[in-house]
Amino acid sequence: MTNLENLYEIWVYLQTEPLFWLTITIGAYLIGDFLYKKSNINPLVNPVAISILIISGILIFFNIDYERYFNGAKFIHFLLGPATVALAIPIYNQIKLVKKEALSITITLIIGSLFAIFITYYLAKIFKLDDQLILSMLPRSVTAPISMGISELINGIPSITAIITITTGIVGASLATFVLDFIKVRDMTARGFAIGLSSHGIGTARAMSRNKTAGIFSALALALSGVVVSIIIPIIIKFIL
Amino acid sequence: MLRAFFVILLFQLFGEIIQKYFLLIIPGPVIGLILLLFTLIFLKKIKSKKILNLKKSVVNLSNAITSYLSLLFVPIGVGVVMHVSYLEQNLFQVLGVIIIGTIITIALSAKLMEILNKIIQKKND
């Protein structure tokens, strides 16, 4: 057997192994994080977006199925669940501040969630998207497992909803700082809450890495808006749209 | 560390079971988060050393996991790029809705909450 054949066999073998894809995923993330820090933490240089592009580039270039990649990287994906549960701790540590702002949290939660849904609806109408696609877009402001569940319930297409939801998270994480600086909101609890409300987990991950208080309020909005949106979307569809 | 991980997994497991049993749309981990939060509030009054130690290690583990939260979204994010063709000819319109919609939602809700906080602060003073 020649060396080249040997190498090819190793390559074929590696593709089926979690070890390879875990290394690639963490490596790509470290590159993204490095570039992010190099850019003086410019939010447009989002480490998640960079690592996604690097890995997608590899998969497309070598013609590898996403399923094969995901099968290897699913250990990282699995940790999303425990990480979500773990968000209870920072919220608990700030429970006094949460109680103090309970009224603004409740009002912003309800009105903000309605904003998110109606703005999506009217924008989609303006862009002349078809009805099933609009339904698939409506729950995009809440975390992917919830948005997919809602989408299924209201006859959207869950896989499309997943794509739109994750994209929303990345867009929110990348643009939030600019938008919030532009409208001069300095209140960290308001900044964080708005990020979690509009761009769920990926937004929260970013808020966490920048400011503890903002991160906590983002996590709070992520959990609460998930509950609220899953209740109000079916109601809106039944009675209004 | 191991005990802390066990506690977190246990709460996620409870969350998943509740979600499946009551056929809720809220995902198991979010239910787990809410359960853990209420448990922590409830345990506040109990000053047993064992529980305090466990709580401390859960806090440490949670800090470690949440600081790498972004990384955990990478595998599913790759799926978005690989399946973007599902959007067919609607890609740019959909991106338009997402970008404009997200900017407006962030701006409006942040402004709203800031104003509410100020009003409530003033009333309390």
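Student: Which domains does the assignment give for chain A?
Tutor: This is a predicted model, where local features need pLDDT of at least 70, side-chain atom pairs count only at pLDDT 80 or more, and totals for chains, interfaces and linings use all residues. Residues are numbered from 1 along each chain as its sequence is written, chains are lettered from A and ligands numbered from 1 in the order in which they are written, and side-chain values use heavy atoms, leaving out hydrogens and water. Domain bounds come from an automatic or database domain assignment. For chain A, that assignment gives domain 1 (3-78) and domain 2 (84-239).

Student: How much area do domain 1 of chain A and domain 2 of chain A bury between them?
Tutor: Their C-alpha centres lie 28 Å apart. Eight residues of domain 1 of chain A are in contact (heavy atoms within 4.5 Å) with eight residues of domain 2 of chain A. Buried area is the accessible area (1.4 Å probe) that two parts lose on being put together, summed over both. Carbon and sulfur atoms hold 68% of a total of about 680 Å².

Student: In domain 1 of chain A, which residues lose the most area to domain 2 of chain A?
Tutor: Three residues stand out on that side. Together they make up 57% of what domain 1 of chain A buries; they are A:Pro43, A:Leu44 and A:Asn46.

Student: Which residues touch the most other members of the largest nonpolar core?
Tutor: A nonpolar core is a set of buried Ala, Val, Leu, Ile, Met, Phe, Trp, Tyr and Cys residues joined through side-chain atoms within 4.5 Å. Buried means under 20% relative accessible area, exposed over 50%, partly exposed in between (1.4 Å probe, protein chains only). Of the 104 residues in this core, the two are A:Tyr69 and A:Phe193.

Student: And which helix gives the most to this core?
Tutor: Helices are DSSP runs (H or I, at least four residues), numbered from the N terminus. With 12 residues, the top contributor is helix α13 (residues 212-239) of chain A.

Student: Which residue of chain B does A:Phe193 touch?
Tutor: Set aside residues up to four places away in sequence. A:Phe193 then touches several residues of chain A, among them A:Ile105, A:Leu109 and A:Phe217. From chain B, the list holds B:Met113.

Student: How far apart are the end C-alpha atoms of helix α1 (residues 2-21) of chain B?
Tutor: The expected span is 1.5 Å times one less than the number of residues. For 20 residues that gives 28 Å. The model agrees, because the end atoms lie apart by 28 Å.

Student: Is A:His200 buried or exposed?
Tutor: A:His200 sits in helix α12 (residues 188-210) of chain A. Its phi is positive, about 30°, although it is not a glycine. With a relative accessible area of 2%, A:His200 is buried.

Student: Is A:Lys128 buried or exposed?
Tutor: A:Lys128 also has a positive phi, about 55°. It lies in the loop between α8 (102-126) and α9 (131-137) of chain A. At a relative accessible area of 73%, A:Lys128 is exposed.

Methods
Helices (H or I, at least four residues) and strands (E, at least two) are DSSP runs, numbered from the N terminus.
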